[in-house]
Structures are given as structure tokens and as C-alpha cells.
Amino acid sequence: MEREALVPRPRRRLAGLLLAGTMLAAVPAAAQQANSLTPSALETLATGTADPSAGATETPDTTDATTTATTPRPALSDEAVAALSDAGDRDGIVERRAERLNQRENSLSGVRNSRLGDPWEPVGVRVGTFVLRPSITQGIGFERTKSGNTTTSRTYSQTGFRGSLTSDWSRHQLTIDAEGVYQRNISGTGETEPEARVNGDLRLDLSDDTVAHITGGYAFERESATDPNAIVGASTQSGVQTLSGGANIMRDFGLIRGTFGANVERHTYGSATATNGSKLDQSFRNYTEGTLTGRVGYELSPALIPYLEASVGRAVYDDKLSAGYERSFSTLGARAGVEIDLGEKLRGDLGAGYKRAKFDDSRLAALEGLTMDGAVNWSPLRGTDLRLGLRTDLEPSSTSGESGYVSYGTTADLTHELRDNLVARLSAAYTLRDFSTTGTANQNIYLVGAGLTWNINRWLAMTGDVSYEVTRQSGASDTGITRAGIGLVLRR
């Protein structure tokens, strides 16, 4: 009783509360310090050696940095090192990016994804030193076509595939992308629209300032019935196949960046089918085209590089005389543009110039015109992305006495995350086919569309799309096509 009187109860309770508060405050502080460690600090914990630059990203107290840097820490066990590596990989801070030109591919368990990353993004399948990300879509669609007073409709099933194969090498990189669509009519009448496309790109890191690319690709599509070169009244239009290959090399000379490349494309046309079932040979349209391109850019800043570009090419037809004319031609082109890279907010490449194609047959007028090409990706808000595209092509004609037309195309695609697993899409496109060299009326094509994607989980999604396309040309009936479809996407 006498000892208890020496220390009053209120003081003992106050001392106990202070001790408990100190212990509780130390727990989150230690956790915060562990989460803010740099890669060097993690290596220090793992190896037991110290780096003067290692430590937390912030210094919350006045502890002597010299004493901390020179005090060795005990080495951790292998299990602890593995745990630290996994924790660091989740934030992308363990791996030394300076020693590795390529970013590591996400592991199959997805643990390398950031805490703020896309939880619905497929993680892929590891195949040796590659990561494969495949997806299969199965859907049903409806299409209604009205041309003048004639209206046709069809209901069809559509199977699509898409996949990418990306290497996970410390140096160089190989990327292969593929996609395709197969359609089968269930009811009604109308032409199916199969597509297939494969592209490969091998990047070679020759040195710190020199990078080379070797590319190759294959594409197949059905020629549109509204194309000026299509067979009028055919039940099935020609199938167009394109084989491509090329190589380019880019080198930095201080603030000057130079690029030189060569590309070859092979275009072949299958037979069209008339309404009576007969085949109409289109092989006289087959040709091979090669192009050499050079570009010189000046780096005003890492985010802004204006450039000048020039190209020269030659196209040779398999048949010297195509529809009675020598249609082989030579091309010359030049343009000026700018490369923009402001990170995730804004990046792209835009250029304007002039291009001319001169045919071997003097009876055919040269195809020429101003060109606008490029693409810009803009993200005004998190979860909202806008892509704008411009493209100009010289399209030779298969009609006797006509040179062809200049095609100007522009596209706009807007995606917005309504919720973390619900994405809305809006799209628009416009194409002008300029026949000024032949005197034929120009053709205008308009397209608008909308769609939704609902990510049920990481491996399954549901999609829905609707679009309307109209083709207008003076002296001809308008052609309008309405499409709607719904499908399931299985991905890995």
C-alpha cells in the first residue's frame, strides 16, 4: 500500500498509454519506409552490403545518413529475397531497366501488373521466351444493304481471332500480330466479308544510336462492291491478297535523326463470280511495287522532331498490257511532318506532301495530288482515348483508258471507360475518291458506329456494335449499309 502511494494511478495509466501509442505509430512508419525503398535499398537488404545512395525516397527524420550508409545489414535468406523480389516486381522497381533495353513482359500470374493497372487485361501464355496473347470471338450479326430501290439483308455468324506473340528478350525484340474474320450466312442474301492479316516486326538494337527493323506481312480481304474497280453485278467480288516485306535502319547523329528504308509489296487478285456462276479472271491486275524512303529529322526536344521525307518507287504488272494499256508506273513523293511524343497524353506522327505516279503508257494521265498521312493518339482524361488517322493512296484503275483515283481517308475512334469493366466506343470515318484526272464524278463514303465492351472477367467479355455506312456519287444511286452484331470474346 505504501509503494502504490509513491506512484499515483493517473500517472501509471498515462505512461502506459504513451508506450502503447509509440508502438502503434512505429508499425505504419516501418511499413511506409519498406514500401518506399529504391531498387538499390532492396539490393542492400538482400546482399547485406550498403550503397550510399540507397534508402527511402524521402527522409522523414534527421537520422545521420552517413552512419546509416556505412552500417552493414545482415544478409537475408533466399526465401526473404524471393519475397522482396516479388513485392518489388509488383511496383516495377526491382529490375534494373538501365541494363535491359526491353521491358519485362507481364508474368502469367499477373503479379508484375501495377496496382493501378488494368485488371481486365489478358496476361497471356508463356511459350519459351515469348508471350502469346490470343483471343477468339464468336458472334451473330445482321446486315441490311439498300442501293437505289433494291434492298437486301442477311443474318450471319461471325468467328474472329486475334493474337499477338511478343519476345521477352533482354536485347532485340520480335513482335507478330494476327487477326482474321470468317463469316457464314444463316439467312438472307448478301456477300460475306472474310478478312485475314498477319504482320511481323523484328527490331534489332545494333547500338545505342542505331536501330534496324525487318518487317513482313500478309493480308487478305474481299473487294468491296462499291469500289470503282469492282465488277458490277457480280455475286462474289475478287479476293485481294497482299504480301509485303521490308527493312529500315534509323540512326541518331546527335540532334539529327536519319532513317532509310526499303519496302516491297505484291498484290494479287482472285477471280470474281458472276450471277450466272461463271468465273471472271482478274489476274491481269496483279503487280509488284517497290519503294525506297529516306527521312531526316531534327530533335528540337525529345517530344518534338520535325522531319523531311522523300520516296521513289516502281510498280511492275505481271502482264505488260493490262486491258490494252501498259500500266506499270513509277512514283515520286515528298513530304514534311513532325513527330510528337508527350507521353501517354499525346503522341503521333503527322505529315503533308505531294506524290505523283507516271504510267509507262503515255495515253494514261499521271496520278498526282497532295498527300496527308499520319496518326495521333490523345488521352484528354484518364480512361478516355481518342485516335485520329489520315491516309492518302494512289489507286490505279482496271478500266480501259482510265488512270485511277487518289484516295483520301480520315478516321476517328473514341473510347471511354464508363466503369472499370465497361468500355464505350464511338467511331467515324470519311473517304474521298478523287477522279479529277479522268473527269469521273468523285465518290464520298461516310461511316459512323458505336459499341460497348463488357469485361465479365479477365478471360471473358461481351461486345455489341452498330454502324451505318453510305456511299454517294453524282449520277449514281446512294448505297447505304446498316450493320449490327453481338458476340462473346474468349481471351487469355
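User: How is a residue judged buried or exposed?

Analyst: A residue is called buried when its relative accessible area is under 20%, exposed when over 50%, and partly exposed in between, using a 1.4 Å probe and protein chains only. In this predicted model, 29% of the 492 residues of the chain count as buried. Because the model is predicted, local features need pLDDT of at least 70 and side-chain atom pairs count only at pLDDT 80 or more, while totals for chains, interfaces and linings use all residues. Residues are numbered from 1 along each chain as its sequence is written, and side-chain values use heavy atoms, with hydrogens and water left out.

User: Why does Thr392 count as buried?

Analyst: Thr392 counts as buried because its relative accessibility is 10%. Thr392 is placed in strand β16, residues 384–396, where a strand is a DSSP run of E with at least two residues, numbered from the N terminus.

User: Which residues does Thr392 touch, leaving out those up to four places away in sequence?

Analyst: Contact means heavy atoms within 4.5 Å. By that rule Thr392 touches Leu370, Thr371, Met372, Asp373, Val406, Ser407 and Tyr408; with Met372, moreover, a polar atom of the Thr392 side chain lies 2.9 Å from the backbone nitrogen.

User: Which residues have the most contacts inside the largest nonpolar core?

Analyst: A nonpolar core is a set of buried Ala, Val, Leu, Ile, Met, Phe, Trp, Tyr and Cys residues joined through side-chain atoms within 4.5 Å. The largest one here has 13 residues, and those with the most contacts inside it are Tyr287, Phe329, Ala357, Phe359, Leu367 and Leu394. Strands β12 (304–317) and β14 (346–359) each supply at least two residues of this core.

How values were computed. Helices (H or I, at least four residues) and strands (E, at least two) are DSSP runs, numbered from the N terminus. A polar contact is a pair of N or O atoms within 3.5 Å; within protein, one must be able to donate a hydrogen and the other to accept it, and residues adjacent in sequence count only if both atoms are side-chain atoms.
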